[in-house]
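Biologist: Could you take a close look at one part of this model for me? I'm new to this, so please walk me through it slowly and then show me how it compares with a few other spots.

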Amino acid sequence: MNRLLIGRCLSALATALIPTTLTLAVLRATGDGAALGAVLASEMVPLLLLLPVGGVLADRIRPQRVALFADLTRCLSQAAIAVELLLGVNRLLDLALLSAVAGAAIAFGSPAVPRLVVAVVPGPDRLRMNARIGVATSLSAVVAPALAGAITLAAGPGWAAALTAALFACSALTLGGIHTASPGARTSGPRQTSAASARRLVGRGAASSFGRDLVEGWREIRERPWFMACVLGHGVWHFMAGLFLTLGPVAAVQELGGEASWMVIVQSGMVGLVLGVFAAPRLPIRRPLAVVQLGAACYLLPMVALAVTAPAPVMAGAYFVGMFGLGLLSPLWETVVADEIPEAALGRVRSFDQLISFASRPFGLAVAAPLAGLTGVTALALTGGVLVAAANLAAIVPMARSRRRRAAEEAEPALPVATSQSEGE
């Protein structure tokens, strides 16, 4: 388990270094915001297109092999970027193409991570492991921009990209050396899946087509209305986060005292995120899915603070609470989904979850300014806050129905065994 944690920490830090390194490299070379947007988008497009493929492969191939391939690919792409920057080439087309390669690697590697955790960590220890990974990811998001900026100022962005490549190489070697059982050895977590689901997944042969695998993964989602409701609620959360992260800095600079105010707000949110992740396995939580949705609904507070242009300390406090809710959400959601979804379908199911999450926030970032121009910041932020709370709290209803249905199924008497006549037939 220590090997898994170290590998995920290295990969998280390397991933968090990339946006700042690319941003500084492109702005140094061109000073053009449009060029920067094109380079950053080059990673997102293949990521979104290939996530379903990555989900299928994650359920067919041992997850450590997928993680090895994904991180080695990202290592090579970052090494190539480092060479170009160190040689002073700075061709935007090359940076965009290499970013696209990295995006494709993320699409294959991301769905394999939940399966790797399930394959390595026993059920009772998963929440603590997911919380540790969440803390490492959160701290990386805080440390990496400063680290990339310091290296760039001292030696240039090429060396920051070289460090990123080295971290991905170490992550690949660490995760790739983990020993797991072959895919499909276990079909469910601690809670058993339905009989029909188990028959489908156990009976899926190696020759199963890509299309059939996708259909089976989608069927697993449809059989769990609570999962669909939660994922859509989380998608609304990510979209509103895009709005807040676009409109919040503008409000801070124009009305709350400048850039320093926004930095205080952002750092308050990061502290809340880390504390939430740290607290998740330590709180006596009896209904984790309800806490997950309540955590997402807490993003109502920073949206309302933005709508009324609250003073900087108030907005910082609201963002702290909103991000604390996200900190609770992350490890609890990872753990519950791993317990509730059959392991043989976990990659495909999680790829759908990640697709919604990866797509929603960039969309929110892109449309924030045009929407604010049409409706005004106050109306947009207030509506967004109400929507994020309503979408996530509404998902608690399917959870309760699912829990009652499961209790009823467990209370049903077992079916009688076949008679000897039918056995002979």
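Modeller: Let's start with serine 360, which counts as buried because its relative accessibility is 14%, and the cut-off for buried is under 20%. Keep in mind that this is a predicted model. Serine 360 sits in helix α15, which covers residues 346–375. So what does the side chain of serine 360 reach? It goes to the backbone oxygen of isoleucine 356, at 2.6 Å.

Now for another serine. Serine 77 belongs to helix α3, residues 63–86. With 2% relative accessibility, serine 77 counts as buried. The side chain of serine 77 reaches a backbone oxygen too, that of arginine 74, at 2.9 Å. Once you set aside its neighbours within four places in sequence, serine 77 is in contact with Leu98, Val101 and Ala102.

Next, have a look at a helix as a whole. Helix α6 runs over residues 126–155, and at 1.5 Å a residue its 30 residues should span 44 Å. The C-alpha atoms at its ends are 40 Å apart, which agrees. Just after α6 comes glycine 156, with a positive phi of about 110°.

Most residues other than glycine have a negative phi. You'll find threonine 309 in the loop between α13 (300–307) and α14 (312–340). Its relative accessible area is 29%, so threonine 309 is partly exposed.

Last stop, the cysteines. How many disulfides does the structure hold? The count is 0. As a reminder, a disulfide is a covalent bond between the sulfur atoms of two cysteines. Take cysteine 170: the closest cysteine sulfur to its own is in cysteine 75, 8.7 Å away, and that is too far for a bond, because the two sulfur atoms would have to be within 2.5 Å. Cysteine 170 is partly exposed, with a relative accessible area of 40%. Cysteine 298 counts as partly exposed as well, at 24% relative accessibility.

Note on methods. Residues are numbered from 1 along each chain as its sequence is written. This is a predicted model: local features need pLDDT of at least 70, side-chain atom pairs count only at pLDDT 80 or more; totals for chains, interfaces and linings use all residues. Side-chain values use heavy atoms; hydrogens and water are left out. Helices (H or I, at least four residues) and strands (E, at least two) are DSSP runs, numbered from the N terminus. The expected span of a helix is 1.5 Å times one less than its number of residues. Buried means under 20% relative accessible area, exposed over 50%, partly exposed in between (1.4 Å probe, protein chains only). A polar contact is a pair of N or O atoms within 3.5 Å; within protein, one must be able to donate a hydrogen and the other to accept it, and residues adjacent in sequence count only if both atoms are side-chain atoms. Contact means heavy atoms within 4.5 Å.
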